[in-house]
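I opened a new notebook page for this structure.

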Number of protein chains: 2
Amino acid sequence: MKREGILFVISAPSGAGKTTLCKEVIDIFPNLRHSVSYTTRSARPGEVHGRDYFFVSLDEFKGMVAADEFAEWAEVHGNFYGTALKTLEDYRAQGIDVILDIDCQGAHQLKKKYQGAVYLFVLPPSYQELRRRLDCRSLDAPEVIDRRIEAAAGEIRESRWYDYIIVNDVFSKAVEELKSVLIAEQCKTTRVLAGVSELFDI
Amino acid sequence: MKREGILFVISAPSGAGKTTLCKEVIDIFPNLRHSVSYTTRSARPGEVHGRDYFFVSLDEFKGMVAADEFAEWAEVHGNFYGTALKTLEDYRAQGIDVILDIDCQGAHQLKKKYQGAVYLFVLPPSYQELRRRLDCRSLDAPEVIDRRIEAAAGEIRESRWYDYIIVNDVFSKAVEELKSVLIAEQCKTTRVLAGVSELFDI
């Protein structure tokens with residue numbers, strides 16, 4: 001019996017490094033895909049439609065919400081983000097593991113529907129370091145950075161209900177930890193037994 | 001706050017390779033120790049008292065049982081094996097992680113006392129391969145091997161209640177999986193929060 005795909009949900013305050021971490025592990029695991037979210041925000045330089053996000057208009061997004069096409073959606077810093085239900089269900093049925101890089105509100109919605117999913121939170125080593133990273137990134141105006149730092153405190157408190165916390169201090173160590181969680185979850189008894197129970201009459 | 005040491009309990013039928021696997025990871029993690037068990041069986045060539053086991057007489061063993069000095073003990077294939085309570089408690093208080101290489105009966109006893117411990121089961125890829133490995137090891141007489149194979153079926157059925165199952169087919173992959181479980185468990189939210197909750201006011 002082929003096991004179902006595992007859903008890994010990963011959240012973090014902006015600037016903690018979750019997107020870079022996710023990209024790193026996608027290249028390592030052939031059976032792992034990144035779930036591409038829909039968003040109403042503008043593409044940043046280098047971002048590609050269909051690879052990083054599906055960039056849609058506010059009207060298109062609202063249409064999908066009305067048609068109940070999202071497994072989760074949320075408004076974050078004035079923009080909308082959502083994960084299509086179909087994406088998750090297709091991967092799961094094919095036994096492909098999926099990594100979802102979404103904010104806490106979205107993760108919270110998923111937690112109610114997907115009990116079997118694995119929830120990870122990425123923490124920066126400190127608030128000072130988070131601000132330094134957001135400043136260096138030079139993606140946002142100073143007032144946007146202030147808003148992100150303010151939001152971070154609330155988001156970080158949400159980490160309590162996640163299954164795992166990865167502190168992204170030394171990047172290579174954080175990658176190693178994320179990789180380990182992905183491998184360890186594949187070794188969970190219920191998942192392994194789905195594949196070997198007949199062989200051993202368990 | 002320093003976190004408590006984690007107790008990793010690992011079981012397998014004889015010949016599945018758990019002792020070799022444990023030795024491999026002990027060398028990698030500086031904060032991980034092997035818990036040395038007491039046994040009444042004779043030392044095999046190369047085994048060292050105090051490193052591999054504490055080799056004791058049946059009378060000494062029974063004395064320790066009577067004095068309630070064991071966290072778990074069991075009779076396996078005609079010999080007695082036990083883990084001293086003091087060993088586990090000392091490591092735990094010092095924040096040192098411990099790996100315990102014990103049989104299913106002993107693991108079952110621990111499960112009642114140590115809910116927070118992590119239970120791993122090592123499976124051979126098949127019964128045929130298990131017999132081949134026991135034959136190659138040339139440690140046991142043919143009738144002992146027959147007894148071990150017979151016992152294996154019962155032990156393997158116990159794997160159901162363990163947290164993780166590692167199938168030891170390709171050794172390097174099994175090492176990677178065991179390493180991953182050890183790292184992932186250190187990233188479990190409750191354990192990480194013990195260290196960072198003050199920093200982030202979580």
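**Conventions.** I am working from a predicted model, in which local features need pLDDT of at least 70 and side-chain atom pairs count only at pLDDT 80 or more, while totals for chains, interfaces and linings use all residues. Residues are numbered from 1 along each chain as its sequence is written, and chains are lettered from A and ligands numbered from 1 in the order in which they are written.

**Sheet in chain B.** I looked up the strand order and found an open sheet of four strands, S4-S3-S6-S5 of chain B, with mixed pairing. Strands here are DSSP runs (E, at least two residues), as helices are (H or I, at least four), numbered from the N terminus. Two strands pair if DSSP finds at least two bridges between them. S4 (53-55) and S5 (70-76) of chain B each have a single partner strand, so one side of each is left without a neighbour in the sheet. On average, neighbouring strands of this sheet are turned by 25° against each other, direction ignored.

**Pairs.** I then went through the bridges. S3 (residues 37-39) and S6 (residues 79-84) of chain B run antiparallel and are joined by two bridges. B:Thr39 has B:Tyr81 as its bridge partner in S6(B), and B:Tyr38 stands opposite B:Gly82. S5(B) and S6(B) also run antiparallel, with six bridges between them; B:Glu75 is partnered by B:Phe80 in S6(B). The hairpin of S5(B) and S6(B) has two residues between the strands, and B:His77 takes a positive phi near 50° there.

**Helices on the sheet.** I checked what lies on these strands. Helix H3 (residues 85-93) of chain B lies across S5 and S6 of chain B, at about 30° to S6(B). Helix H4 (residues 104-113) of chain B touches S5 and S6 of chain B too, and its direction makes about 155° with that of S5(B). Angles run from 0 to 180 degrees between N-to-C directions, with axes fitted to C-alpha atoms, for helices over the stretch in contact.

**Two chains.** I looked up the interface: 27 residues of chain A are in contact with 27 residues of chain B (C-beta atoms, placed from the backbone, within 7 Å). Elements giving two or more residues on the chain A side are helix H6 (142-158), strand S9 (164-167), helix H7 (171-186) and helix H8 (189-200) of chain A.

Terms used: Two residues are in contact if their C-beta atoms, placed from the backbone, lie within 7 Å.
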